[in-house]
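Dear colleague,

Please find below the structure that I promised to pass on to you. My notes on it follow directly after.

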Amino acid sequence: MSGWDKFVETFFNAKVMWKYLPDILSGMVVTIELALLIVVTGLAAGLALALLRSLAIRPLNWLIIFVVDLFRSLPPLVIIVLMYFGLPYAGPAPSGFVSTWLSLAFVLMAFSEEIFWAGITSIPKGQWEASRSTGLSFGQTLFNVVLPQAFRLTIPPLTNRTIAITKGTALGTVVAVTEILGQASSAMSNSYNPSPLMMGAAAYVVLFLPVVVAARWIETKFAWKR
Amino acid sequence: MIEAFFNIEIMKAAWPIVLTGLWNTILLSLIVVPLGLLGGLILALLASIRHPLVRWPLMAWVDFFRAFPPLVLLVLLFAGLPFAGLELGGFACVAIAFFLNTGSYYGEIFRAGIDSVPAGQVEAARSTGLTRMQAMRYVVLPQAVRNVMPDLLSNTLEVVKLTSLGSVVAVPELLYEARQAQSITYNPTPIVMAAVIYFLLLWPLVRLLSRLENRALAGRR
């Protein structure tokens, strides 16, 4: 057997790949579920915090800033491990799936709050004053004047951050979530062959590469004009 | 609650272990950050050759590593390569994975910085007799780096946080040591200690970044 054949036999073994394809596919479903949950809840919570912050209630803002700073400075894996291995000592024992979801959603919340808030503050004060003086309420000004402009500004940094955090679903494998990497790793140890891992790697590329390419397109479309 | 998460006895016992982890995290960061910066600089310099045969493969390279989770890359190197007869230690795997992954992120930032310097500056520099390399080294890069400083710092924060992945391949950094201490003591206090240390270590940088970013986004309108 030539070296090349041996390489293919080891890393792209058709028999092993076929056997573990269903596992990898079910892993992809879990990864997609997890990613969607993180994106929806994380961004919603981030926007909610930014809106609360625009009310300018001092003690509340200090609290928001502290929470945001906390989740920006802790490594996501540390939050996941703390939630999964630590919380059971205090009572509730979240599953690996829930720990990963909540941890990454908190991280995305923190980063997106910062971005939304920067977008809101970037709208000149004069626009607020002008809108209010025409008789719009605080809420109307926020939702009809400020946010539409702020969103446009926040889209490029937001897409980047969201992708980077969503890729973190792979961390779930540390707390026994059966997402792609988890499935691939256990298939690899069962078959004593790295082909499932190659399949898992390919699955990530299939899922995330289109998103990255789309993000690049969005970035140029919404690019700041100098 | 206090007994479980802030147990003084356990803190005392675990402190030396956690401290070792902290030193290793700092050491690891001091190695992987320059490595990533170097990788990024190489990518950005290559990208400044505006030839489609160079630019497109580079873009594909960068997008690939932006799409690929760093943990998967790390596991691939650590658990996959031995099947090809190449057994690298956890530390070497972390170094290679970070070079590839964070290099791509740094590369994008440097590229944006280089693009932000007006073409007229290069033309002017070249017309005074500087070579291409000299123009890049003395005229473009210093301005490029200054223009993207907040992004460079923000990525560096992410890289330092990312060193916690080393724990998965048994690199004895902060999270790994904390989990060791947790499994010996059957108490989550060491992990809380690690979290507090990460927070104290990185909070100043987060504060600084948050101010820089606010200013940058507001200034762009």
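Which residues in α4(A) are buried? They are A:P76, A:L77, A:V78, A:I79, A:I80, A:V81, A:L82, A:M83, A:Y84 and A:G86. In other words, 10 of the 11 residues of this helix are buried, and α4(A) is mostly covered. Please bear in mind throughout that this is a predicted model.

**The helix pair across the two chains**

Helix α4(A), residues 76–86, packs against α9(B) with the axes 11 Å apart and at an angle of about 10 degrees. That angle makes α4(A) roughly parallel to α9(B), because angles under 35 degrees count as such. The crossing of α4(A) past α9(B) is right-handed. From α4(A), the residues A:L77, A:V78, A:V81 and A:F85 take part, and they meet B:L175, B:R179 and B:Q182 in α9(B). By class, the residues of this contact comprise 5 nonpolar, 1 polar and 1 charged.

**The contact between the chains as a whole**

Chain A contributes 41 residues to the contact and chain B contributes 42. On chain B, the side that touches chain A draws at least two residues from each of α1 (2–5), α3 (52–67), α4 (70–80), α9 (174–185) and α10 (189–219). Of these helices, α10(B) gives the largest share, 15 residues. This side of chain B is made up of 29 nonpolar, 5 polar and 8 charged residues.

**The nonpolar core**

The largest nonpolar core has 112 residues, and those that touch the most other members are A:V78, B:V72, B:L74 and B:A194. The helix that gives the most to this core is α5 of chain A (residues 96–121), with 14 residues.

**Helix packing within chain A**

Helix α8(A), residues 180–191, packs against two other helices of its chain, and I take them in turn.

With α2(A), the axes are 7 Å apart and the angle is about 155 degrees. The two helices are therefore roughly antiparallel to each other, and their crossing is right-handed. On the α2(A) side, the contact is made by A:V16, A:Y20, A:D23, A:I24, A:S26, A:G27, A:M28 and A:T31, and on the α8(A) side by A:I180, A:G182, A:Q183, A:A184, A:A187 and A:S191. The residues of this contact divide into 7 nonpolar, 6 polar and 1 charged.

With α9(A), residues 195–221, the axes of the two helices come within 8 Å and cross at roughly 165 degrees. That makes α8(A) roughly antiparallel to α9(A), and this crossing too is right-handed. Here α8(A) uses A:I180, A:L181, A:Q183, A:A184, A:A187, A:M188 and A:S191, while α9(A) supplies A:P196, A:L197, A:M199, A:G200, A:A203 and A:Y204. This contact has 10 nonpolar and 3 polar residues, with no charged ones.

**Two residues with a positive phi**

Most residues other than glycine have a negative phi. In chain A, A:A56 has a positive phi, near 60 degrees, without being a glycine. A:A56 lies in the loop between α2 (14–54) and α3 (58–73) of chain A. Is A:A56 buried or exposed? It is exposed, because 8 other C-beta atoms lie within 10 Å and 12 or fewer count as exposed.

In chain B, B:Y186 is likewise not a glycine, and its phi is positive at about 55 degrees. B:Y186 is found in the loop between α9 and α10 of chain B. B:Y186 is exposed as well, with 8 other C-beta atoms within 10 Å.

**Chain B overall**

Chain B contains 10 helices and 0 strands. The C-alpha trace of chain B spans about 70 × 50 × 30 Å along its principal axes. Of its 221 residues, 41% count as buried. Among contacts in chain B between residues at least 6 apart in sequence, 76% join residues at least 24 apart.

With kind regards

How values were computed. Residues are numbered from 1 along each chain as its sequence is written. Chains are lettered from A and ligands numbered from 1 in the order in which they are written. This is a predicted model: local features need pLDDT of at least 70, side-chain atom pairs count only at pLDDT 80 or more; totals for chains, interfaces and linings use all residues. Two residues are in contact if their C-beta atoms, placed from the backbone, lie within 7 Å. Helices (H or I, at least four residues) and strands (E, at least two) are DSSP runs, numbered from the N terminus. Ala, Val, Leu, Ile, Met, Phe, Trp, Tyr, Cys and Pro count as nonpolar, Asp, Glu, Lys and Arg as charged, and the others, Gly among them, as polar. Axes are lines fitted to C-alpha atoms, for helices over the stretch in contact, and angles run from 0 to 180 degrees between N-to-C directions. Angles under 35 degrees count as roughly parallel, over 145 as roughly antiparallel, 65 to 115 as roughly perpendicular and the rest as oblique. A crossing is left-handed if the near helix is turned anticlockwise from the far one by less than a right angle, and right-handed if clockwise. A residue is buried if 20 or more other C-beta atoms lie within 10 Å of its own, exposed if 12 or fewer, and partly exposed in between; C-beta atoms are placed from the backbone. A nonpolar core is a set of buried Ala, Val, Leu, Ile, Met, Phe, Trp, Tyr and Cys residues joined through C-beta atoms within 7 Å.
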